[in-house]
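The sequence and coordinates follow.

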Amino acid sequence: MGSINFPAEEERVLAGWTDIDAFHRQLELSKDDPPYVFYDGPPFATGTPHYGHLLASTIKDIIPRYWSMRGRYVERRFGWDTHGVPIEQIIDKQLQSELGVRGKAAVEKIGIKEYNRRCREVVLTYAHEWRRVIGRVGRWIDFDQDYKTMDPTFMETCWWVFAQLYRKGLVYHGARVLPYSTALNTPLSKSEASEEYRDVQDPAVTVSFPLLPVAEQPENVRTTVQKVLDISEGKTVSFVAWTTTPWTLPSNVALCAHPDYEYLLVHDVETDNIYIMLEAGLKVLYKDPKKAKDKFKLLPVKLRGAELGGMRYKPLFNYFYSQFKDIGFKVLLDLYVKQDEGVGIVHQSPAFGEDDYQISWRAGVINGDRPPPNPLNAGGEYTSEVPDFEGQHVKAADKNIIKHLEGLGRMVRKSQITHRYPHCPRSKTPLIQRAVPSWFIKVETSVPALLENLEKTHWVPSMVKTGRFHQWLAAAKDWNVSRNRYWGTPLPLWVSDDMKEVVCVSSVAELKRLSGIEGDIMDLHRDSVDHITIPSKQGKGTLRRVEEVFDCWFESGSMPYASSHYPFDYPGFESADADCGLSWAEGPGKELFTKYPGDFIAEGLDQTRGWFYTLSVLGTHLFNTFPYKNCVVNGIVLAEDGKKMSKSLKNFPDPMLVIDRYGADALRLYLIDSPVVRGEPLRFSELGVKQIVSGVLLPLWNSYNFFAQQAALWKKNTGHDFMYEREMQKTNENVMDRWILAATQSLLQYVNAEMEAYRLYTVVPRLLKMVDEVTNWYIRFNRNRLKGQSGLASTKATANGVQTNGDLTNGTMDEEGDDTLHALNTLYEVLYTLVRALAPFIPFLSDGIFQRLAPHLPSSMRESKDCRSVHFQRFPTVREELFDPVVERRVGRMQKVIELGRLCRDRRTISLKTPLKTLVVLHQDQEYLDDVQTLERYITEELNVRDLVLTTDEARYGVAYSVQADVKNLGMKFKKDAAKIKASLPKLSPQEIQAFLSSGKITVEGHDLDAEDLRVKKEIKQSKDTANLEVAVEGEAMVLLDSFAYPELAQEGLAREVLNRVQRLRKRAGLVPTDDVKLFYSVLASTSATANGTAAEGEAADGGATKGEQAANAEVSRLEQERIVEEMFARQSATFTKAASRGVERLSDAKAGDGVAAEEETDVKDIRLLLRLLKM
């Protein structure tokens, strides 16, 4: 009991988990339960966990914990993504520093074996830190039985998966234009290339391509060319093309025009040249053509694009003239040419543009025997094929190429353009498009199957499924699955020199059989398998493995199978059977499909183009199903300033420092109770974490702490430990007990439904609302009952809504004790239920409170359970017998009235300590008013008002209605008439407004309006009579609070409270109404006691005052309180006529004498009183 340091408490709980090996104990307890399958996407361990990882880990911990408590066996294994560029980049930096070279040159220098050894060495650099941080955040997952994509077993399954796709005809080799990273020397998949776009400034140039003489033109276009030359009167006629990639111009082999567009002949006055272009392109050459009419003239000839097809032009460069002079350097036609970009003619460099490649192939400019010019090395530098720029990187060569073209007189215009350009997500360098021989997995033909399988899955939020992911699948392209790298799983393809014979190996055993190699193959990385050859079966000599490795997304997409070495380690595997593992009903598949597809996966929104995508493609290709049923997608965690979190910018607090300050529970709740769980971005704020502590965790702890104090008081008063009695609730008639128990059942029902739908963003707010209900409503309103000071002689409410008046002859100590026991039992059940419901979300505090609550469980509830942790318990089940919708409705309405009353006080800045006279509740539903009346005492006591008036009579209080327009809605629906409608609204009669309230429809200015168009405002007419009335409205409920402070009310309220204590004393003394007693009182020095049921007891009040000053201040306060009490007894003497028939005296004025019947010290409205009854 007492105050709490949440991080220290979490460390205590964490140490306890370690001592009892709690995670594995939970697995042991649930091993016979039905499986629940969770797949964990593998992160890289080349950096420390950030908030995005902690968010994902929290989601991946909450849902498995919940299903484990629901009676499922949930295996949780951590996974590591160990291959790919992030690791190679680390080694490249090392080698750059050591040898002055990196990439391919470095590998050639030290050998691939040494290169891969270094990669293996750094793969798990931060694995220990990951284990520490993930464990500290409370996530239970097995790091000892983890999987790594570099494990030979994992890699072998990747081979098996790929081999099945190859056997199905889903793998092919081809040269396609792909996003290419010159920094990494490898092509990327289109999904990778879409990950990072940046605003960049690039050159935008317009270049001329002079039309060749008629004699050098094809026969079919000579007439048109002659017409153009004739009207040009001997001037040079050129096609012009606009591009933002000048570096592609040395590889130009054609131009492309749109067959249906109209092209103009433009005479440029300054150069005296004629340009063939679109009218829309004039702005490229002249910025504002209307103001530049003196700079150009339009010749009276227009040509359709189709007429330009086949026309030949003079090449920009002669590097590839000999190869393409007979087939290239002409105008091609295609519909992809746009009017709104450039000048209407596009230069074609087939090796560096996907459309260029397809158009040139279709036109026969390039083919299998005549590949497109591709004069770049792996690093994106010009080769000797382009001697003028040899050795220059393409991006660096732009300015030199522009200068060269200016010297040739071929530069028409040059400028700069700012646009979004794709960058390599690993190296952060600009990507280029480049034709690269690669291995592809067919995806485009499977789009219908992918979309059909998508419909069978459940996504949260659903908009990701129906929007972003659906669109990505619908537009899916064949997957470039090969990478020209070194540290990765090698493609299991052995080929002949002419690439005509291809063998796809599916396992180590098959490789040994085909190659004839003996002994064990212990590793499958390139340095272990590249030297292995396979004899040709077609007389083509020796087959060698291709150089490429898998795209690491292929590996992570294979994890549902590779993490458990499917099918090799499953019962029924037959290595000789090529189809083994593909059947659902027999062999390895028989066991796999008892837990496949998996129940749940979760990752960030960016994985729609990454892990979610590759999982879905491979699952569909293998088994025609997605390998998961439910997918939770979280948004991105940004820095507080809305920017991406950056260590260099230092724009976010270190996660471990935040946990050390506030605890992991607070961080978990903050992340989960935020827009990020709905797939939206979150601006991380440390203040938000702090507010979770003060607004949720501390109230929850104080609720338990209050219970513990009262349980200790119960033991002190009765000599017995408090023990929970489950069946006691059946005899409980107290309305607040029935309400909080019913609300708890509603909570459980709601949580189960929403958790089954994976909607964490609806569950957490409801759980937090329940914490508030317990702390700020139940305990606050039942504080005295829980303390054994229920005052049963006063008016009380029962569950059936009947209010009874206590009688001095009814009610004994046993009755009061029963009431206290009911209250304690109720609070215990609610806390015991709540900590189990909260356990998946805040695993530390819920366990800490549970461990303290467990000793109060009867032995019958403990003997068959392991009560060392809340996480070993079942999730609480709904107790149907405790549902009470009527009581929930009544208390809900009471709460609303109280909240509106508090709002009225706040607006007038009147403290709750100031008694007020009247609160009027107006509502047109009599049931509403009846419900409020059943709980009248709670309302008057909480709001400190004497009278509660419940009525439907709005006219009596001058209630007036007015109608306001929803301006945005009206504007969208009625356009120009919206203003006329709005102006007419004040003219509506009360009858018309009432009719609108009833029907939800009204006609104004000839237009039919509904509830979406109008808002009805309810208020009271201002007058002298209503000046003191403060109004608050919500929905149909309206409250009017008389805010005038009547002096006599304070004394009446104090008198009622003291009378309550006197009646309780009479009961304890066993007095009957005919017994005459005299009441003696004394005002004692005040003690620090909080009015709120959830606040900590004993807070210091005087700050830095000395003890002497504090004592003097206390005495002054006591004397003032004594004056108030004395005045109250004098003026309210009639109130005590029956309870103290022989009068009231101050103890200091007279001796009490013998015959003391009962006495107690009690707090009444912050006044400490000693009350003593003397039987006469």
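## Nonpolar cores

In this predicted model, the largest nonpolar core holds 145 residues. Ile63, Leu697, Phe707 and Leu919 have the most contacts inside that core. Domain 1 (22–148 + 635–683) and domain 3 (687–791 + 817–883) each supply at least three residues to this core. Leucine 697 touches Phe6, Asp665, Ala666, Leu669, Ile692, Ile842 and Leu845, leaving aside residues up to four places away in sequence.

## Domain layout

The domain assignment of the chain gives domain 1 (22–148 + 635–683), domain 2 (200–429), domain 3 (687–791 + 817–883) and domain 4 (959–1020).

## Aromatic pairs

The count of aromatic pairs comes to 61. One of the pairs consists of tyrosine 670 and phenylalanine 684, in an edge-to-face arrangement with 5.4 Å centre to centre and 90° between the planes. This pair links distant parts of the chain, with the two residues 14 residues apart. Tyrosine 670 belongs to helix 25 (residues 664–672), and phenylalanine 684 to the loop between strand 26 (682–683) and helix 26 (686–718). Tyrosine 670 counts as buried because its relative accessibility is 10%, under the 20% limit. Phenylalanine 684 is also buried, at a relative accessible area of 2%.

Phenylalanine 781 and tyrosine 938 form a stacked pair, 5.8 Å centre to centre with 25° between the planes. Here the link is between helix 28 (residues 760–786), which holds phenylalanine 781, and helix 34 (residues 936–943), which holds tyrosine 938; the two residues are 157 residues apart. Both phenylalanine 781 and tyrosine 938 are buried. Elsewhere, one aromatic cluster is formed by Trp459, Phe469, Trp611, Phe612, Phe626 and Tyr628.

## Charges over rings

Which ring does the charged end of arginine 65 sit over? The ring is that of tryptophan 140, whose centre is 4.2 Å from the charged end. Lysine 395 lies over the face of tyrosine 421, with 4.5 Å to the ring centre.

## Strands 1 and 2

Strand 1 (residues 77–80) and strand 2 run parallel and are joined by three bridges. Tryptophan 80 stands opposite lysine 148 of strand 2. Strand 2 (residues 142–148) is mostly covered, with five of its seven residues buried.

## Proline 567

Proline 567 lies in the loop between helix 21 (559–562) and helix 22 (588–592). Is this proline 567 buried or exposed? Proline 567 is buried, because its relative accessible area is 0%, and buried means under 20%.

The contacts of proline 567 are Trp160, Phe573, Cys580, Gly581 and Pro588, with residues up to four places away in sequence not counted. Proline 567 and asparagine 1060 are 493 residues apart in sequence, and the C-alpha to C-alpha distance between the two is 77 Å.

How values were computed: Residues numbered from 1 in each chain as written. Predicted model: local features only at pLDDT ≥ 70, side-chain atom pairs only at ≥ 80, totals over all residues. Heavy atoms only, no water. Domains from an automatic or database assignment. Helix = DSSP H or I, 4+ residues; strand = E, 2+ residues; numbered from the N terminus. Buried < 20%, exposed > 50% of the residue type's maximum accessible area, 1.4 Å probe, protein only. Contact = heavy atoms within 4.5 Å. Pairing = 2+ DSSP bridges. Phe/Tyr/Trp six-rings, centres within 6.5 Å; stacked < 30°, edge-to-face > 60°. Lys NZ or Arg CZ within 6 Å of the ring centre and 35° of its normal. Core = buried A, V, L, I, M, F, W, Y, C linked by side-chain atoms within 4.5 Å.
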